[in-house]
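I opened this notebook to keep track of what I looked up. The entries follow the order of my reading.

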Amino acid sequence: MSMKRTNVYADPEDLAIIKEAAKRRGISEAEIIRQGIHLAAMANRVWDEPLFSRTFEGTGRTPSKAEIRDAVADAVHRETDPDSGTAA
C-alpha cells in the first residue's frame, strides 16, 4: 500500500503520549499516528449498505429491565440445564 505525506497540527501533550507509547511498544510514532488516522477514518465512514438488512417483528416497545433480566436468566438456564438437551 502506498502512503501519502500530510501535515497536521497536534497538541504537544498528545505527542508526548504518542512518543512514550511508541517507545514502550517498540514501534514508530508514525505507526501509532497512522493507526489513529485509520481508526478515525473507519469511525466516520459512510457505508453503502446498512449493517442490518433484515427487520424483526417485535412489540414495538422497549422491554423493561425485569423482562431483559428474565429473558437472559431463561437463556442461561436453558444452556446450563443438563436435562434440556441443549447444553454445550
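Entry 1. I began with arginine 69, which counts as exposed because its relative accessibility is 54%, and the cut-off for exposed is over 50%. I note that the model is a predicted one.

Entry 2. I looked for a partner of arginine 69 and found aspartate 70, with which arginine 69 forms a salt bridge. The closest N and O atoms of this pair are 4.0 Å apart. Aspartate 70 has 42% relative accessibility, so I put it down as partly exposed.

Entry 3. How many salt bridges does the structure hold? I found five. As background, side chains of opposite charge can pair when their charged atoms come close.

Entry 4. I then looked up arginine 24 and found a salt bridge with glutamate 20. Here the closest N and O atoms lie 3.7 Å apart. Why are these two separated by about one helical turn? Arginine 24 and glutamate 20 are four residues apart in helix H1, which covers residues 12–25, and so about one turn separates them. I checked both arginine 24 and glutamate 20 for exposure, and both are exposed.

Entry 5. In helix H2 I looked at arginine 34 and glutamate 31, which are three residues apart and therefore separated by about one helical turn. Their side chains meet in a salt bridge, at 3.1 Å from N to O. Arginine 34 is partly exposed, because its relative accessibility is 36%. Glutamate 31 is also put down as partly exposed, at 29%.

Entry 6. I turned to the largest pocket and noted a volume of about 470 Å³. Which residues lie nearest its centre? They are Lys4, Ala30, Ile33, Arg34 and Ile37, out of 16 residues that line the pocket. I sorted the lining by class and got seven nonpolar, five polar and four charged residues.

Entry 7. Ile33 was my next stop, and I placed it in helix H2, residues 29–43. Is isoleucine 33 buried or partly exposed? Isoleucine 33 is partly exposed, because its relative accessible area is 34%. On the surface, Ile33 forms a nonpolar patch with Leu15 and Ile37. Together the three have about 240 Å² of accessible area.

Entry 8. Last, I looked up valine 72 and found it in helix H3, residues 65–80. Valine 72 has a relative accessible area of 47%, so I recorded it as partly exposed. How far is valine 72 from alanine 21 in sequence and in space? I read 51 residues in sequence and 40 Å in space, C-alpha to C-alpha.

Terms used:
Residues numbered from 1 in each chain as written. Predicted model: local features only at pLDDT ≥ 70, side-chain atom pairs only at ≥ 80, totals over all residues. Heavy atoms only, no water. 1 Å grid on protein atoms, 1.4 Å probe; cavity = no way out; pocket = protein on both sides within 12 Å on 5 of 7 lines; lining within 4 Å. Points joined across faces, edges and corners; volume = space filled by probe spheres on them. Nonpolar A, V, L, I, M, F, W, Y, C, P; charged D, E, K, R; others polar. Patch = residues over 30% accessible without salt bridge, like charges linked within 9 Å, V, L, I, M, F, W, Y side chains within 5 Å. Areas by Shrake-Rupley, 256 points an atom, 1.4 Å probe, with all protein chains shown as cover. Buried < 20%, exposed > 50% of the residue type's maximum accessible area, 1.4 Å probe, protein only.
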